[in-house]
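Q: Can you walk me through this model? I'd like to start with the strands.

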Amino acid sequence: MNKSVKYSIYKGMGGKNGAAQFNLIPFDPYRERDGKAFPEGAVLIEAAPTSGKNTYDWSKKIRFALSPDDIGKFLTMIKTSGEILHVYNSKTKKLGLKVGNEDKDGNPTWMLSLWEGAEDAPKNVILPIAAYEMVVLRNLFESAIPAVLGWSTCTQLSSPPTAS
């Protein structure tokens, strides 16, 4: 039984920014996409803009799936800033992470941005990420890598047979 593993960040106190949920999609040897085997899992980010103070418009959400390689890129971007670009079925999506300034206590900050291009209405969500939130994200992403590759489902080697 797969239970959803989710971490959420909400930044709508002032009626701006938005919310993001980070969901683990584990390895599934029976999953298919476009008729092809696609067992690798992902970390799915769903982000929504605010529609008022502490209110989020999930009908305008952006979904962005991070493959194992993308998870590695994200972890690298924590120190260097960067962007991950996906183009699938003529739809362009971008995830950006920018190292920000220090907060009032001297801790680092980041800006996470998700953008989805659509001819009729592009979507964009930008979230400030605090140091304590990034610690959680980094640890969750590092822990997610074995799960999305299926390494966490590998059975342990049994002990060698004993002599009778």
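A: Two strands pair if DSSP finds at least two bridges between them. Strands (E, at least two residues) and helices (H or I, at least four) are DSSP runs, numbered from the N terminus. This is a predicted model: local features need pLDDT of at least 70, side-chain atom pairs count only at pLDDT 80 or more, and totals for chains, interfaces and linings use all residues. Residues are numbered from 1 along each chain as its sequence is written, and side-chain values use heavy atoms, without hydrogens or water.

Q: How many bridges join β8 to β9?
A: 7, and the strands run antiparallel. β8 covers residues 82–88 and β9 residues 91–99. Leu85 has Lys94 of β9 as its bridge partner.

Q: What about the turn in that hairpin?
A: There are 2 residues between β8 and β9. Asn89 in the turn has a positive phi of about 50°.

Q: Back to Lys94. Where does its charged end sit?
A: Over the ring of Trp115, 5.1 Å from its centre. The test is NZ of Lys or CZ of Arg within 6 Å of the ring centre and within 35 degrees of the ring normal.

Q: New topic. How many aromatic pairs are there?
A: The search finds 4. Phe74 and Phe141 have ring centres 4.7 Å apart and planes at 55°, so they are tilted. Rings of Phe, Tyr and Trp (its six-membered ring) pair if their centres lie within 6.5 Å; planes under 30 degrees apart are stacked, over 60 edge-to-face, the rest tilted.

Q: Which residues form the aromatic cluster?
A: Tyr7, Phe22, Phe74 and Phe141.
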